[in-house]
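Dear colleague,

Please find the structure below, handed over for your records. My notes on what was found in it follow directly after.

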Amino acid sequence: MIATGIQIAYLSSAALFVLALRALGQPTTARRGMQMAAFGMLVAVCATLVDQRIVSYEWLIVGLVAGGLIGYPLGMWVPMTAMPQRIAFSHAFGALAATLVGVGEYLHGFHEETLSHGQTVALGFEVFFGALTVTGSLMAFGKLQELLPGAPITFRGQNVFNLALFAAGVVCLVWLVVSPYDTAFFIAILAIGLAVGVLMVLPIGGADMPVVVSLLNSYAGLAAVATGFALDNNILIVVGALDGASGFILSMAMSKAMNRSFANVLFGAFGAETGGADAAQDGVAGEMMPIDADDAALRLAFARRVIIVPGYGLAVAQAQHQVRELADLLEKRDVDVRFAIHPVAGRMPGHMNVLLAEAGISYDKLFDMEDINERFSDADVALVIGANDVVNPAARTNRSSPIYGMPILNVQDAKSVIVLKRGRGKGFSGVENELFVSPKTSMLFGDAKQSINKLCAEVKQA
Ligand code: NAP
């Protein structure tokens, strides 16, 4: 009776997760999607807690309290700009849980002499993918948080070495299935998994880390599927499969938006020669033309069509509320204001949508790149706020640029361009941007929040 109830609860939470994923695909329904997912998880956790295989609740309560104490501050106080590293950190914990369950189940089966070949496949897989996700995610966290060098670390024959190590892990896994009580192979799988996680992330530059985090998400999903098989738990299998597939699709989508092949992200050591302060000048010549806030405000106030292009700097400056005020002021003057959203603007997918939604900017003003690119030529002003790589014409024109081929927003087609940034800082890919020295472009230097405050004050008086 209880067992049937648990399966029904699992089925309902699986349905909630699927519906939640669907709802998360649209900004208008995303909030509801998150609520459905959270509720689905609550149902799954409650159902698991009444499982009769649980022999004591003390350690579960300790885990619940410790998890709550760590998770609440992480959720509440980590800024949006640090979200990729926070997610990497959470993956490390999730994967550690899967790995420890795998080790625990193996030891249990070993002592009880109940290890079967089928169960060892699941346990070996779980421990291998779990272990590489733990160290891989910690490495990604370290690189994103700048605790480790962000530049790719490479050595001769690295890809071959990594693939050989991975293959050795698979061989140990096969051997363990043949001979489940050979603990040396179980330990080898664990050790190789931990090493592969470190070595896999070493040659990947900080700029590609969000793609890696999403791929590790997918590995954590695979480890969860294996845990589900090992524990005979259906919801873990379903959720792990959803997690594995969605993480993989997201990694592919992000690579595509950066016009990089998946293999190039994983094995290409992007940024090894180009990133950092010594990045090539890319042949950009010319002077940037500064503009005062009052002149910029006049240009905006008397424009008919303005397209605002937000980028990572908007998130750093936390200027989303000021942007909304500026857009409202312009609209009161009958200016047509739209926002152009590049798929990889900021540091995580949907970063700009989330920021602008937080400020209450209506979704119908946000346009995806494909939908707005044609309209730049009609715009009197393109107002670029803390964006750089996503508006860099080198992606179209300079074959030697590391971002060559990345789709960009057609800002240079607008009649005039105003760029808000603090100074001459480069974008995440570390390349110069000729848009900033174009005769059409005026630079309003300063922190984006302060600059927009000044623009608002001036537009009010215009
Ligand atoms: P970006 O190329 O990183 O440029 C951000 C610009 O913002 C910088 O040039 C910086 O110049 C300026 N800035 C920083 N703080 C500021 C502040 N307080 N006020 C005003 N300006 C400020 O940003 P992006 O154009 O959004 O491009 C995103 C990059 O991240 C792309 O290369 C993309 O491939 C990469 N990426 C994104 C994702 C994703 O999922 N979104 C994932 C992986 C990689 P100053 O220092 O001069 O101010």
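S416 is a residue of strand β5. Helices (H or I, at least four residues) and strands (E, at least two) are DSSP runs, numbered from the N terminus. Please note that this is a predicted model, in which local features need pLDDT of at least 70 and side-chain atom pairs count only at pLDDT 80 or more, while totals for chains, interfaces and linings use all residues. Residues are numbered from 1 along each chain as its sequence is written, and side-chain values use heavy atoms, with hydrogens and water left out.

S416 has a relative accessible area of 10% and is therefore buried (buried means under 20% relative accessible area, exposed over 50%, partly exposed in between, with a 1.4 Å probe and protein chains only). Its side chain reaches the backbone oxygen of D380 at 2.9 Å. That pair is a polar contact, meaning N or O atoms within 3.5 Å; within protein, one must be able to donate a hydrogen and the other to accept it, and residues adjacent in sequence count only if both atoms are side-chain atoms. Neighbours within four places in sequence aside, S416 is in contact (heavy atoms within 4.5 Å) with R299, D380, V381, A382 and K440.

- A ligand oxygen atom lies 3.0 Å from a backbone N or O atom of Y312.
- Another entry pairs an oxygen atom of the ligand with a polar backbone atom of F428, at 3.1 Å.
- A nitrogen atom of the ligand is 2.8 Å from an N or O atom in the side chain of D447.

Taken alone, the ligand exposes 920 Å², and the protein buries 96% of that (accessible areas come from the Shrake-Rupley method with a 1.4 Å probe; for residues, only the protein chains shown count as cover).

Helix α9 covers residues 234–257. Its 24 residues should span 34 Å at 1.5 Å a residue, and the end C-alpha atoms are 35 Å apart, which agrees. The expected span is 1.5 Å times one less than the number of residues. Buried in α9 are I235, G240, G244, G247, S251, M254, S255 and A257. An α-helix has 3.6 residues a turn, so residues three or four places apart point the same way. The buried residues of α9 pack against α1 (2–23), α2 (27–49), α8 (209–231) and α10 (262–267).

At the start of α9, a side-chain oxygen of N233 reaches to within 3.1 Å of the backbone nitrogen of I235. Just after the helix, N259 takes a positive phi of about 55°. In the loop between α8 and α9, D232 has a positive phi of about 60° although it is not a glycine. D232 counts as exposed, at 61% relative accessibility.

For helix α2, the 23 residues should span 33 Å at 1.5 Å a residue, and the end C-alpha atoms are 34 Å apart, in agreement. T29, G33, M36, A37, G40, A44 and A47 are buried in α2, and what covers them includes α1 and α9.

**Other residues**

Y363 is placed in the loop between α14 (351–358) and β3 (366–368). At 31% relative accessibility, Y363 counts as partly exposed. Apart from neighbours within four places in sequence, Y363 is in contact with P27, T28 and A357.

E146 lies in the loop between α5 (117–144) and α6 (158–178). Its phi is near 60°, a positive value in a residue other than glycine, and E146 is exposed, with a relative accessible area of 70%.

Yours sincerely
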